[in-house]
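Biologist: I'd like to go through the labels on this model and hear what stands behind each one. Can you put it up?

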Amino acid sequence: MGGFASLYNDYMLVPTEKIWHNGTFIPWNEARIHVLSHVVSYGTSVFEGIRCYETPSGPAIFRLRDHVRRMLDSAKIYRTEVPYTCEQLCEAIKDLLRVNKMSSCYVRPIVLRGYGEMGVFPGNNPVEVFLACWEWGRYLGEEALAEGVDVCVSSWNRLAPNTLPAMAKAGANYMNSQLIKMEALANGYHEGIALDAAGYVSEGSGENIFVVRDGKIFTPPLGTSVLPGITRDSVIQLAQDVGIPVVETMVPREMLYIADEVFFTGTAAEITPIRSVDRIQVGAGRRGPVTERLQKEFFAILDGTKPDHRGWLTPVYTPQPAEARG
């Protein structure tokens, strides 16, 4: 992998003290499953990735309820009954961050089919829920927010309709993502872009994608095998706030080459510009003005420069009334 080896070092987990498992906090090293758990052989899990940011008012979780709801939606698609409500899981995640004394971190809720029967049918295997958190920096690197990343169009397509549900954030889907990512790194790129079964632009291995051309933003619709990204939705709303038109439409591959700007969005990637596709330079070969404007709007909410009108930030600690603070 050559120059990309350092990326792997950034992904190494630094254990926190506790993980939440089925309503109980357990030590990090005790969060284990049996090797013959259903999820190991058959990929029967759904999960989320959520960021907690250190804000001027204290740690706050970005669009917590929307993430948990999406996980429950993913479970429903796979006929998995989760024994906790959205509200219970949201409270448990806040408790998790308090117990581990986290000010900023990445949160990983996961629902999986555990140890029981062996065979494709999952229905008789217990449903287990884990909530974990750890410190994690920028997924594609700190400098990528300004300088951008080099990507390729993958030889691996996204899942075709009626194969696996792309709207579910399921563990099994990410075998496809791994192929895309490994191929990209092996060929000297930071990331890969997958096309859908019809040959239109879909998404990255773990990011949604946006294309800017003549002042408009284009992004593939959900029907092109994309995950309904929370950050994707946030960027669409922020663009509308500042008067930048957003069109959800089929994006031909060649549009990536002639775009003024292209950028990724995702919980891990946040808003990351793409400076080249298949070694063809995008725009000026670094972050463009539309991407930069959206980054500023996004991070302004997180750092308190702009008010959080939509209630995207959930405080980890209950804010004290002004008189209580003195």
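Modeller: Let's start with burial: buried means under 20% relative accessible area, exposed means over 50%, and partly exposed is in between, with a 1.4 Å probe and protein chains only. By that rule, both Tyr106 and Trp136 are buried. Keep in mind that this is a predicted model, where local features need pLDDT of at least 70, side-chain atom pairs count only at pLDDT 80 or more, and totals for chains, interfaces and linings use all residues. Residues are numbered from 1 along each chain as its sequence is written, and side-chain values use heavy atoms, leaving out hydrogens and water.

Biologist: Why is Trp20 called buried?

Modeller: Its relative accessible area is 6%, and the limit is under 20%, so Trp20 counts as buried.

Biologist: And Val35, why is that one called exposed?

Modeller: Val35 has 58% relative accessibility, and the cut-off is over 50%, so the label is exposed. Val35 sits in the loop between β2 (24-27) and α2 (38-42); helices (H or I, at least four residues) and strands (E, at least two) are DSSP runs, numbered from the N terminus.

Biologist: What makes Trp20 and Tyr84 an edge-to-face pair?

Modeller: Rings of Phe, Tyr and Trp (its six-membered ring) pair if their centres lie within 6.5 Å; planes under 30 degrees apart are stacked, over 60 edge-to-face, and the rest tilted. Here the centres are 5.2 Å apart and the planes are at 70°, so Trp20 and Tyr84 pass both tests.

Biologist: How do you know that this pair ties together separate parts of the sequence?

Modeller: Trp20 is in strand β1 (residues 18-21) and Tyr84 is in the loop between α3 and α4, so the parts they join are 64 residues apart in sequence.

Biologist: What makes Tyr106 and Trp136 edge-to-face?

Modeller: Their centres are 4.5 Å apart, with 90° between the planes. Tyr106 belongs to strand β6 and Trp136 to the loop between β7 and α5 (144-147), so this pair links parts 30 residues apart in sequence. The whole structure has 9 aromatic pairs.

Biologist: What makes something a nonpolar core?

Modeller: A core is a set of buried Ala, Val, Leu, Ile, Met, Phe, Trp, Tyr and Cys residues joined through side-chain atoms within 4.5 Å. The largest one has 26 residues, of which Ile61, Ile93, Leu97 and Val107 touch the most other members. α4 gives the most to this core, with 7 residues. A second, separate core has 22 residues, including Phe298 and Phe299. Those two also belong to one aromatic cluster with Phe62 and Trp312.
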